[in-house]
Amino acid sequence: MNASEAMHTRDLAQRLSEAEATIKALLSGEIDAVVDSRTSTPLLLSKAQDALRESVERYRILFENSPLPKWLYDLETLRFLAVNDAAVGHYGYSREEFLQMSIMDLCPPENVQEVFREIDRIELGPPSSFKVWKHQKKDGTVIDVEVTGHTFALEGRKNRLIVGQDITERRRAERALSASEEQMRLLLDSTGEGIYGIDLHGNCTLANAACLRMLGYREERELLGRNLHELAHHGGEGGTARPVEGRIYQSGLRDEGSALDDEILWRSDGSHFPAQLRSFPLKRDGARVGAVVSFLDITARKKAEETMRWLAAIVEASWDAIIGTDPAGTITSWNQGAERIYGYAARDALGKPISILSPEGQADVAGSINARALAGDVVRDFESIGVRKDGSRVDVSVTLSLIRDAAGRIRGISGVSRDITDRRAAEEQVRLLNNIALAAGEATTLEETLNVVLRLICQATGIPLADAWVPGSGDKLECRGHWSRPEDRERFRPLIEGWSFEKGRGLPGRVWASRKLAWIANLAADANFARAALAEKLGLGAGVAVPILVGEQLELVAVIEAFLPQPGEANTNLIALLSAVAAQIGSVVQRRRAEEALRKSEGQLRQAQKMEAIGHLTGGVAHDFNNLLSVILGYSGLLVAEFEPGDPKRADLLEIKTAGERAAALTQQLLAFSRQQVLQPRVVDLNQVVGAMEKMLRRLIGEDVDLTVIPAPAPAKAHIDPSQMEQVIMNLAVNARDAMPTGGKLTIEVGRVDLDEAYAAAHAGASAGPHIMLAVSDTGSGMDAATQARVFEPFFTTKEPGKGTGLGLSTVFGIVRQSAGTIWLYSEPGKGTSFKIYLPVAGPGSDKTQSQPVEPARLHGSETVLLLEDEEGVRKLVRSILQRNGYRVIEAKDGTDALRIAQNPGVIDLLLTDVVMPHMGGAEAASRLLAVRPGLKLLYMSGYTDNAVVLHGVLRSEAAFVQKPITPTALLSKVREVLDSP
Amino acid sequence: MATAAPTSMATLRATRAGLLLRLYIAGNAPNSLRAIANVKAICDEHFATRHELEIVDLLDHPGRALADGIIVTPTLLKLLPLPVQRLIGNLSDRRQVLVTLGST
């Protein structure tokens, strides 16, 4: 080492010792200041120390006195280095305990993991942070603590200073607030009302669930901030938004609430509904910040209101009175029907007691009915009398119902009253008419009926006087019935007795002429009322008369009069009553007449049936007779021809023939009567028939009887068999002659008559229309009713035995009937008899010409005749007649036989057949044979022919037939005629 | 470290006398006051007639600290006789002080 080195070393050593000394001095506190090498300023250690001490003290004070718990802990060991009073106080640990603890001990065990993680993060993260931790106090209470911590270095180690704010309470308050807010929201969203809030611009600030639902939105935020007026309020025309001035929520800008009951709100889908809105301003600290609006969908309410209006209208419009009263009987509602029936306007009736409707002088009927309803009685269709405002009475039918509230208490009575005045009147009328009907039914004559009816009318209506007038002799109305109270009878007599009225005169006459009801409002003042002065004197004021008309022709049979004490205009009820009575009497009379006519025609029918039965009987007999007669006449005719005139045998045979002819005539009559006779009707002018007979008739009736024949002015054509008609006239003439043994007058008249429907209805068998009339009238002894009833019966005779067959009129009857005519008998004992025969006029039809008589030369022939007749005797006779006159005859005894013969070869020129045969009739046989032999000619034989065959069958007027009993001449000439015809 | 050369009459006298001392202090800091008291006592006792004592208050003359190479107070510098010697502290250890002052 050199000198410098040594000095250097000495320097160093010195320096070292100086340094040591410095440090020692520092440490021992002998140093006051240290020079700052940068600024060369001494820094007083004491000051620094003081400052430091002061600052430490300050921080210590802050630390200690902080109201919040504070800890300082070592970030590595996590142990507390310092803890303040607040921590001690709040957590329950002492300072000494704390200083033994680490930060982990503050945490509840379950949170320790998390703390560890957090600590790591703290080391890496920013120096300051805060977080909410759960801490556990010494007593175990777990609290929420908001920890703010700051990490810094101290004396070379990382420390963390933490401040812990116990926010448990705050949290609880927050939760409570949140819960409370939630509850508020829940309330808000649970209301049925839609609620929304708006700010001053009208934009939505809140909308509850109901509001969203009603307006068709899902979430609140769809509405928040949007202008609700544009969105939902379109109360104007055509769905446009209402003008600003009308907007309900302008109340938010005004300082008042408002209410709208007829707003229309529009949904998100464009549909709308009626709503009731209430709006209130929202204020905060006295300043308006917006409005809150609540609304309800009043669709249902509007419908209910509508229904209520309807119900009210229905009640109001009801024709019946609907009156509501409270339990005390005060009128609470009064509809139009009540106004109409009782005459009180609603404002006059409401509030009055129900007793105003009860007639005076009687117990309060209306009130007592109410009381009964309240007591639980059923009051239904209870008939009572009410009184109107003007005092008049009205018959009503009342039905009451109790009105109860929801709890079942009686709140009032609902009453329906129906005006039954008219019904009552109608019932009275019906009762009266019933009585009249009964009485009329028992009475037998019109007069009796009228008297009973008058009495009933007066008794039922209180009319003082009623009378009835009937057309009498001389074409005047005479009084046939009257009624008044016994005490008035004498008084009213002059009004009735001694009066008669022509048509048009007086009240009854007036009605007779007009056939209409007449009402005189003031008898005394009526110029046409003949009894005016009388009426006035007797204290009668008004009068009415009704006609009684019968049948379709409205024949006036009577006039009923009624008089009222007071003059007055037409009383519709009375008029209706009288008209009904008149109609009833009219129908009673009509019925009687109809019954009478029915009885008569029944009698006639019975008679006709009887005759027909008898006819059938006699017809049967006559047929057999006819056949027998055919034999007698036939053979006798033949035999007569074989003897010369002068031969006594011839005379004897002639006797036989004559007798047979007479017998034949008799059977003709029988058959004619039995309507079994075949007529050969032709269109014949009756004038001619009668005219031709006149001479014969005069001889027939003798000189004592004066005959007058009056033909019809024009040809009287009818469809008749002229010989039959001659028989008729003859029979009638004979009868007439016999009725006038000492002479008299006989008139035969032909005329043309139109029978009307009435006649046809009254006379069985007649038809309406134009008829030819043949009347045979005499002035003979006439017939009484008993005789008249039996006169057409066969074998009925008034003559002595042997003087009459009793068949004459029966024959007439039969012939007339078969000619589609009718015969009527009018007779008065001691006066005479008239028979009238009506025959239908023959239309302009073909007039069959009379056949010419046949010359004898035309009786022979040589043709072949197929004879079909079941009756052996007749068949033999006919065959004999034909054969004797040169014809060839093939016999057949029935249709089958004939058919068989016809089918064989061989000539047959004519089929001569009986009409009525068993198994197969002549018509059928003829048609069958015609089928086989088309050119076959036909001739029928008949004496016994059914009506039906004549009318419908083969025997049309063109069909050729020969009558039975068979006379050879008739037969032969007819055969010839048929064979000669084309 | 610069060596302080005698600059004032006092120091001249000290150089003739014998001991030149400079005491750096910081105001009325306790150790500085004690140091003053102690050095004065020592000088009075042992070096009564032949010492010069300069007291420099670094608070008044902060620049002197660095210029004179002083880092702490109190610091006593023995300027004369050489070698220069430094004493740190309040100089309450008399023996140590005497040694340092009397040393060669």
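Reader: Let's start with A:Lys131. Over which ring does its charged end sit?

Author: The charged end of A:Lys131 sits over the ring of A:Trp133, 5.3 Å from the ring's centre. Bear in mind that this is a predicted model. To call a charge "over" a ring, you want NZ of Lys or CZ of Arg within 6 Å of the ring centre and within 35 degrees of the ring normal.

Reader: And what about A:Arg340, how far is its charged end from the centre of the ring it sits over?

Author: That one is 3.6 Å, and the ring belongs to A:Trp319.

Reader: Now rings against rings. How many aromatic pairs does the structure hold?

Author: Over all chains there are 14 aromatic pairs. Take A:Trp71 and A:Tyr91: the ring centres are 5.2 Å apart and the planes meet at 80 degrees, so you read this pair as edge-to-face, the cut-off being over 60 degrees. A:Trp71 belongs to strand S3 (residues 70–74) of chain A, while A:Tyr91 belongs to helix H3 (residues 85–91) of chain A, so the pair ties together parts 20 residues apart in sequence.

Reader: Are A:Trp71 and A:Tyr91 buried or exposed?

Author: Both are buried. They also belong to a cluster linked by ring pairs, along with A:Tyr73, A:Phe80, A:Tyr93 and A:Phe98.

Reader: Which helix holds A:Asn434?

Author: A:Asn434 is in helix H13 of chain A, residues 421–442. To judge a helix's length, compare its end-to-end reach with what 1.5 Å a residue predicts. H13(A), with 22 residues, reaches 31 Å from first C-alpha to last, close to the expected 32 Å.

Reader: Which residues of H13(A) are buried?

Author: The buried ones are A:Gln429, A:Leu432, A:Leu433, A:Ile436, A:Ala439 and A:Ala440.

Reader: How far apart are the C-alpha atoms of A:Asn434 and A:Val581?

Author: They are separated by 9.9 Å, although the two residues are 147 residues apart along the chain.

Conventions
Residues numbered from 1 in each chain as written. Chains lettered and ligands numbered in written order. Predicted model: local features only at pLDDT ≥ 70, side-chain atom pairs only at ≥ 80, totals over all residues. Heavy atoms only, no water. Helix = DSSP H or I, 4+ residues; strand = E, 2+ residues; numbered from the N terminus. Phe/Tyr/Trp six-rings, centres within 6.5 Å; stacked < 30°, edge-to-face > 60°. Buried < 20%, exposed > 50% of the residue type's maximum accessible area, 1.4 Å probe, protein only. Expected span 1.5 Å × (residues − 1).
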